[in-house]
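Please keep the sequence and the structure in view while reading.

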Amino acid sequence: MQGLLLVNLGSPASPSTVDVKHFLREFLSDPNVVTMPRWLWQPILNGIVLPLRSWRSATFYADEWTDQGSPIIFNTQKLTMAVQKQLPDWQVNMAMTYGQPNIHESLKKMKSNGCDRIVVMSLFPEYTLSTTQSIIDQVRASQIKVDFIDRFYQEKVYQETLAQKINSAWSIKNYDQLFISYHGIPSREIKQGDPYLDECKESTQAIIKLLDVPRDRIKMVFQSKFGPLPWLKPYLKNSLLEAVQMGKRNILIVAPSFVTDCLETIEEDYVQNYQAFRANGGQNLDIVEALNDDPKFVKMIADIAQKRVNHE
C-alpha cells in the first residue's frame, strides 16, 4: 500500500497557558527555528521568553479557538480527508512538526498498517530552514524511508488556484492595495544561503501574471516577526500603517505561506493587524481565505503524490 503524510506546523493541545508553554518550548527549541547556540539560547528561552510570552500567546490562541479545536488542526484534517477521497487506494494521514500528531509516530503507524511506500509532503509552498528542513530532519530521525516533496510553489495549479481566490476577493470591493504577505524569517538566514526569499519572489511574480489587480497596487511583504533580530522586510504591519498615511484605506491581504487558516491568518491578521490598521485610520482590511480544502488544491496534492511514486 502507498501512503501520503501531509505535514503542517502544529498547535498547542489547548489554549491554556500550560499547553501553550509546552508547545512554544518544543517549537523554539528547534535549532532550525532559532539558530543561536543552544548554550546561549536555552537560558534566554526558559528564563525570559517562555515566562513572558506563554500567557500572551495563550490569549491569542484562545481568541482563535473554536468548538472544533485549533483551526490549523481541523483545517488540516479536512484537507487530509479530502485528499484521501482523491486517493482511495492510499492511506493519507496528517502530522505536525510540533505537537500532535507527531511525524515519527505517524510514520511508524503507517508502516505498521502496511504502507510499503510513503510520500511525505510539506504543506509549506516554499522551502526554508525553519519549516521544511525541520520536517526533513524529523523524518530522517525516524529512519523510515520516504519520498519527500519539499515545496510546491512552482506548481501551475497552485498558482492558478491562489490567483483565482485573490481575483474573486479583489472584485468584491474597491481596494486600494493588495499585500502578498509571506511568513518572515531572520535576514541572516538568507545571507547563509536559505533560498526562501528567492522562492517567495518567484512565487509572487508567477501569481501576479494571473491577477486582475493592477501591478502598481501590489506589494510583497512579510509578517510574524519574532525576536529582536532583523527579519525580511518590508514588514506587513508597518506597510499597513504606511498605506493608511498615503490615503490607502481599503486593503486586501493574501498570505500564501499558510495553506490552511491558522493563528497567523485568523488572529495576527484578522485581529491584531486589523486593530492597528483601524486605529490609525484604515477602513476595510480583508484577508483572502487560505486554500484549505479547495478542490483544485486537493487534486493537485493527490496528483503530485502519484507522480512522485510513478516517476521514481
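Where in H2 does a kink lie? A kink of about 50° lies at Val49 in H2, shortly before the proline Pro51, the bend being the angle between axes fitted to the seven residues ending at a residue and the seven starting there. The model is predicted, with local features requiring pLDDT of at least 70 and side-chain atom pairs counting only at pLDDT 80 or more, while totals for chains, interfaces and linings use all residues. Residues are numbered from 1 along each chain as its sequence is written, and side-chain values use heavy atoms, leaving out hydrogens and water.

**Helix H2**
- Helix H2 covers residues 38-64, where helices are DSSP runs (H or I, at least four residues) numbered from the N terminus.
- Although H2 has 27 residues, its end C-alpha atoms are only 32 Å apart, short of the 39 Å that a straight helix would reach at 1.5 Å a residue; the expected span is 1.5 Å times one less than the number of residues.

**Pro43**
- Pro43, which is placed in helix H2, has a relative accessible area of 52% and is therefore exposed, the cut-off for that class being over 50%.
- Leaving aside neighbours within four places in sequence, Pro43 is in contact with Arg38 and Ile48, contact meaning heavy atoms within 4.5 Å.

**Largest cavity**
- A search of the whole structure finds one cavity of 30 Å³ or more, a cavity being a set of points on a 1 Å grid over the protein atoms alone where a 1.4 Å probe fits but cannot get out.
- The largest cavity holds about 70 Å³ of space, and its lining (residues with an atom within 4 Å of a point) includes Tyr158, Phe258, Thr265 and Glu289.
- That lining divides into 10 nonpolar, one polar and one charged residue.

**Second largest pocket**
- The second largest pocket has a volume of about 260 Å³, a pocket being an open set of points with protein on both sides within 12 Å along at least five of seven lines.
- Of the 14 residues lining the second largest pocket, Ser11, Pro12, Ala13, Gly99 and Gln100 lie nearest its centre.
- Helix H1 (residues 17-28) gives the most to this lining, with four residues.

Definitions and conventions
Points joined across faces, edges and corners; volume = space filled by probe spheres on them. Helix = DSSP H or I, 4+ residues; strand = E, 2+ residues; numbered from the N terminus. Nonpolar A, V, L, I, M, F, W, Y, C, P; charged D, E, K, R; others polar. Buried < 20%, exposed > 50% of the residue type's maximum accessible area, 1.4 Å probe, protein only.
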